[in-house]
Each structure stands twice: as C-alpha cells, then as structure tokens.
Amino acid sequence: RASAADGAAARLETMRQDPDRLSFEITARDGAARCGVLRTAHGEVHTPAFIPLATTGAVRGLSAREVEELGYRLILGNTFHLFLRPGPQALAERGGLHRFMGWERAIIPDAGGFQVFSLAHGSVADEIKGRRGNVAGHGSILEIAEEGVRFRSYLDGSEHFMGPEESMATQAAIGSDIALAFDECTPFHVDYDYTARSTERTHRWLDRCVRWHERHGPRRQALFGIVQGGIHPELRRASAERVSAAQVDGLAIGGTLGEDKPQMYEVLDFTLPHLPEVAPKHLLGIGEPDDLIAGIGRGIDIFDCAVPTRLGRHGMALAPLPGERYRLNVRSRALAADDGPLVEGCPCEACNRHSRAYLHYLSRAEELTAVRLLTLHNLVYLERLVAGARAAIAAGAFAAYGEALAAGRPPWDAVPTAAAGG
C-alpha cells in the first residue's frame, strides 16, 4: 500500500516543473521548518520569506530602492487594484510593473479573489466586528457567477467584469514572476454548503487559469494555485489534492482560516499534510510575528501581510512585546518624554537616529515622516525575524528561536549564538 509520502510524490509529478519559470530548492530542515531558495525570472528569494505589499504598485511611503535595501527580494502587487488603475493596457505599454515602479526584483500579485471576498462580504475587520456587506460609497459586487465577477469600482462606481482569463491577462500585463490563480475567498461566517460550492467553482476557475496561462502566459511566468475550503477538513483536503494535481508551479493557502489563531493553526495542520512536501508554499495574508513563527514551524515558505505598513499608518511599531501582540503604541503619552530608541538594538533608521519622544511627537502631529519611519522600522523588524528563522533552521535551533521570541527577545538577539555565528 502506498504511503502518504508516496502519494505526495505522485501528486508532485502532476505539478508543472519548468526551471525556466521557477525552481525551488530546500537547503536545510529542522523538523517541518525548512530553508530554501526560490529561483524566479528576477532573481533568488531565500525562504522562509516575508514579502511586503505593493498593492497599487508601491510599498506605502517607500521607494523601490529603499525596499530592496531593507533586504526584500519579492513584493506583492494586487491584480484587482492594478486592473482598475492604471489598467492592464497602461501597464503593458510601460513594460510591466517592474519597469513602471523601478523594481528589479521578483513580483507576485494577489489574483483578485480576496477583493471578491471583501466586496461581497465585507473586509476582514467587518467580519470580525459582525458587519456584513460593504460600507456605503464603496465598490460592490453585482454578481458572482460561473463566468466570473461583475462589480462596481470603488473608485468611481463604474461597472467591470473579472473572471479567470481577465485576472490572468492582467497578471501577464503586470509581468509578475509568479501569477496566482483567480479564486473566491470565502469568509468565516458562510455555511458549509456555500463554502463547498465556492471551493468547487474556484477549482473550475483554476482549470481556466491553467489553460489560459499555457496558451498566452509570459514564457517565464510561474503559476501558483490557491487551496480553499474554509475551516472544513474534508473540503481543505479535497482542495489540496485537486490544486496539487493541476499544472501549477507552486501552492498558496487562502480563504478564511478561522475566527482565531488556534483555529487558524488547526486549519493549517489538517491542510498541509495533503500538499506535496517539496513544493513552495505561500500562506496568503498572514504576517503577524507569532503567526510567522507558527507557519514556518509547519513548513510554510512565503508570507504576505499588510501589518507592517498598516501599523505604521496608525502610530504602531512592531516590538518584542508578546503580551501586547508585538505592538508598541508610539502615540501613547508614556513615550512623550522617553529619549530611548524605539526598540533597543534595531538597525533601522527610526531606532538609530531618533528617540521614542520624537517619533511620538511626529505621530501625534500626523506628520507623514512618522508613517514613513514606522513603516521602515516594521519592515526591518519582520525581515530580521525571517532572516533569524533561516539562521536558526540551518543550525537546527528553530524551536529555541521561537521560544526566545515568545519570551520577548527581539529577532536579532533571539538566534542561538552558534546559529548567529554561522
């Protein structure tokens, strides 16, 4: 009888393996956690990796060069937003997003499925707060059907259509190194039957994405399929096996992962065993410090999240404060006369050149400089966190690294000495 590992190997054979598009090499392991090198048309990405959001073609407040200088080699654009503005034709005429924004490293775009979720069911914040649907004046879904989605633009109310082919064509115009298959991201509050129907439709949309990509996709662009299924083990397993059997180059885990962190980890635990072990895996929309460690420890390679830029806009800095969700409220009056660094030992500009008191003053005054400095800091913090994870995995010390972070050590002080020295 074939083992689970044999089954995973058999599924991997059906995935596309084209090193001209993408290759993934696992270079070190420590339990389920692993280091790897993702080779794309625009260079190598060392994993595990956190990738910043460049939703509209820019990481909020920073230039492309600054993002690269922070150590990032992969960013995430957004097909939905770039489809509406500046539009695929304008992007294609300007040589794609790389040339348009001056970014010479790799790009992966969100396919637009999450925006389908947001327009149809409200944002993640709406879901958590029990709100349904959209806020007045924003875009809205007119129809989610087999062909795709008709919706009104959040920019001007104009009507548009996006289906699998339109998503793929937009990602081709973007010129991304990796494309994501178009999907519907179902929220936590919908029932089992809706989730099952939505997941089945996502699989049919995947088939259309694969067909379009094989015929029309850029020669060196890879394609990742997205595993859906909500919080239901049997739906997640079926989706994992179905997506792994498609002609894709890598895998992403999307959709709702539950109402809290324990349930999210449970969903990952019953999903990951059904994915080919050696395939690159991207966990969509997750990037809190503790979630990065939990995901890396389960064998996930790539993460993206709006946390570092969103927190910067709201006067919050990432810090080794596990009891405060790793957040320091820079606008707190307790920092008004604090002349110490934002986070001791952090190599970023905000921590090296400015005091907590100054950053508190800037943020309270709504100065754009505060947003920029806090965003720089938050991105450095997460880059150092995943870099530390890579070093710890290579040294066989990942568990100790995670424990040190959970105990309140900053990433640059949490790597065991032998790992840091290596």
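This report describes a predicted model of a protein chain, going from its confidence to its strands, helices, loops and cysteines.

**Basis and confidence**

Because the model is predicted, local features are described only where pLDDT is at least 70, and side-chain atom pairs count only at pLDDT 80 or more, while totals for chains, interfaces and linings use all residues. Residues are numbered from 1 along each chain as its sequence is written, and side-chain values use heavy atoms, with hydrogens and water left out.

The predictor's confidence in each residue is called pLDDT and runs from 0 to 100; its mean over the chain is 91, and 90% of the residues reach 70 or more. Over residues 1-13, however, the pLDDT is below 50, and this stretch has 13 contacts in the model beyond near neighbours in sequence, where a contact means heavy atoms within 4.5 Å. Residues 123-137 also stay under 50, and the model has 23 contacts for them beyond four places in sequence. Where pLDDT is low, the predicted coordinates should not be read in detail.

**Strands and their pairing**

Helices (H or I, at least four residues) and strands (E, at least two) are DSSP runs, numbered from the N terminus, and two strands pair if DSSP finds at least two bridges between them. Three strands form an open sheet in the order E1-E2-E3, with antiparallel pairing. Strand E1 (23-30) and strand E3 (43-47) stand at the edges with a single partner strand each, so one side of each has no neighbour in the sheet. On average, neighbouring strands of this sheet are turned by 15° against each other, direction ignored, the axes being lines fitted to C-alpha atoms, for helices over the stretch in contact, and angles running from 0 to 180 degrees between N-to-C directions.

| Strand pair | Sense | Bridges | A residue pair |
|---|---|---|---|
| E2 (residues 33-40) and E3 | antiparallel | five bridges | Leu 38 and Val 45 |
| E7 (residues 140-144) and E8 (residues 149-152) | antiparallel | four bridges | Ser 140 and Arg 152 |

Strand E6 (residues 106-110) is mostly covered, since five of its five residues are buried, which means that they have under 20% relative accessible area, whereas exposed means over 50% and partly exposed lies in between (1.4 Å probe, protein chains only). From E6, Ala 106, Ile 108 and Asp 110 point one way, while Ile 107 and Pro 109 point the other way. The hairpin of E7 and E8 has four residues between the strands, and in this hairpin Gly 148 takes a positive phi near 155°.

**Helices**

Helix H8 (residues 164-174) has several buried residues, among them Pro 164, Met 168, Gln 171 and Ile 174. After H8 comes Gly 175, whose phi is positive, near 75°.

Helix H9 (residues 192-216) and helix H10 (residues 233-244) pack with their axes 11 Å apart, at an angle of about 5°. The two helices H9 and H10 are therefore roughly parallel to each other, a term for angles under 35 degrees, while those over 145 count as roughly antiparallel, 65 to 115 as roughly perpendicular and the rest as oblique. Residues that make the contact include Tyr 192, Thr 199 and His 203 of H9, and Leu 235, Ala 238 and Arg 242 of H10.

**Two loop residues**

Gly 112 lies in the loop between E6 and helix H6 (113-121), and at 0% relative accessibility Gly 112 is buried. Although Gly 112 and Leu 180 are 68 residues apart in sequence, they are 8.8 Å apart in space, C-alpha to C-alpha. Leaving aside neighbours within four places in sequence, Gly 112 is in contact with Thr 79, Phe 80 and Phe 182.

Ile 231, in the loop between strand E11 (222-227) and H10, is partly exposed, with 23% relative accessibility. Its contacts beyond four places in sequence include Phe 188, Leu 257 and Val 267; Val 267 is 36 residues away from Ile 231 in sequence and 6.1 Å away in space, C-alpha to C-alpha.

**Cysteines**

The structure holds zero disulfides, a disulfide being a pair of cysteine sulfur atoms within 2.5 Å. The sulfur of Cys 346 has its closest cysteine sulfur in Cys 348, at 3.6 Å, which is too far for a bond. Cys 348 is in no disulfide either, and the nearest cysteine sulfur to its own, that of Cys 351, is 3.6 Å away. Cys 346 is buried at 4% relative accessibility, and Cys 348 is buried with a relative accessible area of 3%.
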